Amino acid sequence: MRVFTHMAFLDELAKTADEVDALLDRLMPVQTAPAKRVVEAMRYATLGRGKRLRPFLVGESARLFDVDRQYALRTGAALECIHCYSLVHDDLPAMDDDDLRRGKPTTHIAFDEATGILAGDGLLTFAFEILADQATHPDPAVRSRLVGELAIAAGAAGMVGGQMLDLEAEARQSRDLNEIIALQGLKTGALFGFACEAGAVLSGASAEYKCALSNYAECIGLAFQITDDILDRESTPEEMGKQTRKDAEAGKTTFIDMLGLDGAKAQARDFVGKACEALTPFGDKAEILREAACFIVERKR
Ligand code: GRG
């Protein structure tokens, strides 16, 4: 049974990746752009080897409520633009100073630092252009809610705020587990939250369903971040498509420092169990989302 659902999950993840790539390719044409270089850099940063986990979660949360696939894909593509902008800016010299991402040179290395900054800014704003377009949903109230919720998830009360708290915690060499869980909930978790709740927003589902998806998202976000710490320690740049051992190099406290390697793995599995439980109101219809939670801790990159 698990083998079947795992294969179905991998097929659907690959299919979503193809659909999102095709959509972003169509939405970001270089030929008609007045400033071709920045669009080339935006395309470089988005198209290619990403797992497209966040658009996949949008697509599957939308499927729970039978939302039109095009609405889900456009919402997922907007979210992927935000995610890719955060990667481009996170790789800049002032942040993590990385030269490898998704198996190729980071955007500021392939272009230059100023173009990297502008490409990130371009992707950040383009996300909201996608959501505001009526092709994303015919109801302007739904589009407005998507715009508002993505702005909150990406901004100072979400991902950007989490990054700030992370930098501050790193400077203090904090080993406070609750503090790290809270800041990771913002830095990584907020976008997962938007992804998983998007189906409920697109369909106008009840608060009860939205809350269940929010609980699921919180658990997979933490499982994702703990696994990222484990992969940073155990994997190679070839497998990951990015530099590894960065946490140790930066003297950063990770979940492994606080829980030990086995403890961190057990904690990640525990969050997967809790994530699956949160999906109870959806019954069998949410099986692929349960599989996604397992994938998050079993993945190799
Ligand atoms: C706003 C100046 C400025 C910088 C942005 C917000 C920010 C810096 C960083 C936080 C976002 C961030 C990079 C979080 C790390 C989360 C993480 C491990 C991302 C990798 O996600 P995957 O594994 O990657 O889904 P792929 O490549 O598959 O999409």
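Student: How many salt bridges does a search of the whole structure find?
Tutor: The search finds 26 salt bridges. Keep in mind that this is a predicted model.

Student: Okay, let's pick one. What does E19 form a salt bridge with?
Tutor: E19 pairs with R69, and their closest N and O atoms are 2.6 Å apart. E19 sits in helix α1 (residues 2–27) while R69 belongs to helix α4, so this pair ties together parts that are 50 residues apart in sequence.

Student: Which residues are linked with E19 in a network of salt bridges?
Tutor: The network links E12, K15, E19, E60, R63 and R69.

Student: And why does E19 count as partly exposed?
Tutor: Because its relative accessible area is 22%, and partly exposed covers the range between under 20% for buried and over 50% for exposed.

Student: Nice. What about D112, which residue does it form a salt bridge with?
Tutor: Its partner is R37, with the closest N and O atoms 2.6 Å apart. The two come from distant parts of the chain, 75 residues apart: D112 is in the loop between α5 (107–110) and α6 (113–132), and R37 is in helix α2. D112 is partly exposed at 28% relative accessible area, and R37 is partly exposed at 42% relative accessibility.

Student: How about D257 and R233, what do their side chains meet in?
Tutor: They meet in a salt bridge, at 3.8 Å from N to O. Helix α14 (residues 255–259) holds D257 and helix α11 holds R233, so the pair ties together parts 24 residues apart in sequence. D257 is partly exposed at 30% relative accessibility, and R233 is partly exposed with a relative accessible area of 33%.

Student: Switching to D90. Is it buried or exposed?
Tutor: D90 is buried, yet it has no salt bridge. It lies in helix α4 (residues 69–90).

Student: What else is D90 in contact with?
Tutor: Leaving aside its neighbours within four places in sequence, D90 is in contact with M95, D96, D97, R101 and Q163.

Student: New topic: how many cavities of 30 Å³ or more are there?
Tutor: The search of the whole structure finds one. About 90 Å³ of space lies in this largest cavity.

Student: What lines the largest cavity?
Tutor: Among the lining residues are Y44, C84, D91, R101 and K104. Helix α4 gives the largest share of the lining, three residues. By class, the lining has six nonpolar, two polar and four charged residues.

Student: And how much space lies in the second largest pocket?
Tutor: About 280 Å³. It is lined by 14 residues, and G189, A190, G193, F194 and E197 lie nearest its centre. The largest share of that lining, five residues, comes from α10.

Student: Last one: where does A205 lie?
Tutor: A205 is in the loop between α10 and α11. It is partly exposed, with a relative accessible area of 21%. Not counting residues up to four places away in sequence, A205 touches F65 and A200.

Technical notes: Residues are numbered from 1 along each chain as its sequence is written. This is a predicted model: local features need pLDDT of at least 70, side-chain atom pairs count only at pLDDT 80 or more; totals for chains, interfaces and linings use all residues. Side-chain values use heavy atoms; hydrogens and water are left out. Helices (H or I, at least four residues) and strands (E, at least two) are DSSP runs, numbered from the N terminus. Buried means under 20% relative accessible area, exposed over 50%, partly exposed in between (1.4 Å probe, protein chains only). Lys and Arg count as positive and Asp and Glu as negative; His and the chain ends are not counted. A salt bridge is a side-chain nitrogen of Lys or Arg within 4 Å of a carboxyl oxygen of Asp or Glu. Contact means heavy atoms within 4.5 Å. On a 1 Å grid over the protein atoms alone, a cavity is a set of points where a 1.4 Å probe fits but cannot get out, and a pocket is an open set with protein on both sides within 12 Å along at least five of seven lines; lining residues have an atom within 4 Å of a point. Grid points are joined across faces, edges and corners, and a volume is the space filled by probe spheres set on the points. Ala, Val, Leu, Ile, Met, Phe, Trp, Tyr, Cys and Pro count as nonpolar, Asp, Glu, Lys and Arg as charged, and the others, Gly among them, as polar.
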